[in-house]
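Please look through the sequence and the coordinates shown here before reading on. The paragraphs that follow start from a single residue and then widen to its surroundings.

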Amino acid sequence: DGLPADFVRLREVDPTINQDMRYVGAHNFVGRPIDGYVNGECWLTRPAALALKGVQDDLRALGLGLIVFECYRPQRAVNHFVRWARDVNDIVTQAEFYPGVDKRDLFRLGYIAERSGHSRGSTVDVTLTGPGALPAQSYRPGQPLVACTAPYGLRFADGGLDLGTGYDCFDPLSHPASTEVTATAQANRKLLAEAMAARGFGGIPEEYWHFTYRPEPYPDSYFDVPVE
Ligand SMILES: C[C@@H](N)C(=O)N[C@H](C)C(=O)O
Ligand SMILES: [Zn+2]
C-alpha cells in the first residue's frame with residue numbers, strides 16, 4: 001500500500017522551495033544512501049505542505065526563502081539509523097556531523113529518534129536562504145570533512161544563511177537556544193523559528209532545523225512506505 005491520499009509532493013505545492021534531500025545520497029551522517037529513499041522527493045501531508053508554502057510566501061516578502069533537507073521519512077530509514085548507531089566502530093562521518101559528541105549518545109541526547117515525527121508526514125528539516133548566503137558546494141564522496149561546528153565560511157556551504165552550524169550537526173551548538181553561536185546566527189535562528197511558528201510549526205530544543213506542523217493529520221501513525 002502507498003501513503004494516504006492526502007500526502008503530496010512539496011514541489012507540486014510550491015516549486016520555489018529549494019530542496020536538498022540529504023538521505024537519498026551519501027552526504028549525510030551515515031555517509032551513504034539511507035534505506036527507503038528511492039528518490040529525493042519531499043512528501044508531506046497536504047496541511048503541512050500548504051503551511052510550508054505559507055512560510056515561503058512570508059519569507060519571500062523579506063527577500064528570503066527556505067531550503068528543505070528532509071520531509072516524510074519511512075520507518076525503514078529510521079531503522080537504518082538505529083543499525084548505524086549500533087555499529088560504534090563506524091565513525092567515518094564523525095569529523096563533519098558529530099565532531100564533539102560520542103556516537104553512542106546521539107539517540108539519548110535527542111539528535112535522532114527511534115520513532116520520528118518525520119514518519120508521521122508533517123515534520124520537516126529546513127534552513128533559511130537569501131542574499132548573502134554562500135553558494136552551495138557540491139559534495140564529492142571522499143572529500144575532506146570539515147566540522148559542522150566550524151565558522152560559516154569554513155564548514156560545508158549548503159546554500160543557506162549562517163544559522164550557526166550545518167544541517168544535521170549533532171552538537172550543543174545546534175540547540176536553537178544556544179548563545180554560543182554568533183549574533184547573526186542567533187538572529188537567523190529566531191527569524192526561522194518565528195516564520196515557522198507563524199504558520200503552525202513548532203521546533204525541538206536540540207535542532208534549530210527540525211519543525212512539526214500541528215495539528216498533525218496523523219499524530220499516531222508511523223508510515224513505512226518508501227519515498228518515490
Ligand atoms: C536526524 C535528524 N535530521 C532528525 O530529524 N532528528 C529528529 C530528532 C528525528 O529523528 O526525528
Ligand atoms: Zn528532523
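D168 counts as buried because it has 25 C-beta neighbours inside 10 Å, where buried requires 20 or more other C-beta atoms within 10 Å of a residue's own, exposed 12 or fewer, and partly exposed a count in between, with C-beta atoms placed from the backbone. The model is a predicted one, in which local features need pLDDT of at least 70 and side-chain atom pairs count only at pLDDT 80 or more, while totals for chains, interfaces and linings use all residues. Residues are numbered from 1 along each chain as its sequence is written, and chains are lettered from A and ligands numbered from 1 in the order in which they are written.

D168 sits in the loop between β5 and α5, helices being DSSP runs of H or I with at least four residues and strands runs of E with at least two, numbered from the N terminus. The phi of D168 is near 55°, a positive value in a residue other than glycine. Most residues other than glycine have a negative phi, and most peptide bonds are trans. A cis peptide bond, with omega about 5°, joins R214 and P215, and P215 belongs to the segment after β7.

D168 is also one of the residues around ligand 1, together with E70, I112, A113, S116, G117, H118, D125, E207 and H210, each having its C-beta atom, placed from the backbone, within 6 Å of the ligand. This shell divides into two nonpolar, four polar and four charged residues, where Ala, Val, Leu, Ile, Met, Phe, Trp, Tyr, Cys and Pro count as nonpolar, Asp, Glu, Lys and Arg as charged, and the others, Gly among them, as polar.

The strands form an open sheet of five, in the order β2-β4-β5-β7-β6 and with mixed pairing, two strands being paired if DSSP finds at least two bridges between them. At its edges lie β2 (18-19) and β6 (201-203), each of which pairs on one side only. Three bridges join β6 to the antiparallel strand β7 (residues 210-213), and F201 has Y213 as its bridge partner there.

Helix α2 (residues 46-60) lies across β4 (65-70), β5 (123-129), β6 and β7, at about 145° to β4, the angle being taken on a scale from 0 to 180 degrees between N-to-C directions of axes fitted to C-alpha atoms, for helices over the stretch in contact. Leaving aside neighbours within four places in sequence, V126 is in contact (C-beta atoms, placed from the backbone, within 7 Å) with L66, I67, V68, F69, W209 and F211.

Key
Contact = placed C-beta atoms within 7 Å.
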